[in-house]
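Please keep the sequence and the structure at hand while reading.

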Amino acid sequence: VNVGGDLKKIGKDLDCIEAINAIESTRIVNLGKYARCRDVVRNGTVGLDELVRLCLKEKMEKNEMIRISSKWSQLKLSNDQISYAALDALKSLEVCFHLFRLPDLTIRLKVSKATAEKYVD
């Protein structure tokens, strides 16, 4: 889920690269890496459609022709473009909320949180 790449393209199109770089370094969650830290996927470069399938047990119905052939730099987007972007945003949030409820497996268990005779792999 390459939100950073999308933001860089927006920054280039709108001539605001510096502002995008400031946002990117502090406020973006890479869902692929986030899912990897929670052992949902083996590779953090997974796409949103795969994360939706794994986390939400749904199939994303997106028209790839809109993504590929649409002119996203236009000031007025078509209804299809708006729907496509809204679906991406909504499913990204749903996946993020799902992943947030899972334990971060990169954090070591503190002794105070350990339970006697409980096996953790």
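The largest nonpolar core has 14 residues, of which Leu31, Leu51, Val52, Val95 and Leu99 touch the most other members. Helix H3 (31-37), helix H4 (48-56) and H6 each supply at least two residues of this core, and H4 gives the most, with five residues. A nonpolar core is here a set of buried Ala, Val, Leu, Ile, Met, Phe, Trp, Tyr and Cys residues joined through side-chain atoms within 4.5 Å. Helices are DSSP runs of H or I with at least four residues, numbered from the N terminus. In soluble globular proteins, nonpolar side chains tend to be buried together. Leaving out residues up to four places away in sequence, Val95 touches Leu31, Leu48, Leu51, Val52, Cys55 and Leu56, where contact means heavy atoms within 4.5 Å.

Because the model is predicted, local features need pLDDT of at least 70 and side-chain atom pairs count only at pLDDT 80 or more, whereas totals for chains, interfaces and linings use all residues. Residues are numbered from 1 along each chain as its sequence is written, and side-chain values use heavy atoms, with hydrogens and water left out.

The following table gathers residues by relative accessible area, with buried meaning under 20%, exposed over 50% and partly exposed in between (1.4 Å probe, protein chains only).

| Residue | Relative accessible area | Class |
|---|---|---|
| Gln81 | 2% | buried |
| Lys91 | 11% | buried |
| Leu7 | 17% | buried |
| Asp39 | 47% | partly exposed |
| Lys57 | 67% | exposed |

The side chain of Gln81 reaches the backbone nitrogen of Ser78 at 2.7 Å, and, not counting residues up to four places away in sequence, Gln81 touches Ile66, Ser70, Lys71, Trp72 and Gln74. The side chain of Lys91 makes a polar contact with the side chain of Glu94 at 3.0 Å; such a contact is a pair of N or O atoms within 3.5 Å, and within protein one must be able to donate a hydrogen and the other to accept it, while residues adjacent in sequence count only if both atoms are side-chain atoms. With residues up to four places away in sequence again left out, Lys91 touches Leu48, Val52, Leu56, Glu58 and Met60.

Leu7 is found in helix H1 and, apart from neighbours within four places in sequence, is in contact with Ile20 and Ile28. Leu7 and Ile23 are 16 residues apart in sequence, and their C-alpha atoms are 9.1 Å apart in space.

H6 also gives the most to the lining of the largest pocket, with seven residues. The residues of this lining divide into 16 nonpolar, five polar and eight charged, with Ala, Val, Leu, Ile, Met, Phe, Trp, Tyr, Cys and Pro counted as nonpolar, Asp, Glu, Lys and Arg as charged, and the others, Gly among them, as polar.

Two loop residues complete the account. Asp39, in the loop between H3 and H4, has a phi near 60°, a positive value in a residue other than glycine. Lys57, in the loop between H4 and H5, likewise has a positive phi of about 60° although it is not a glycine. Most residues other than glycine have a negative phi.
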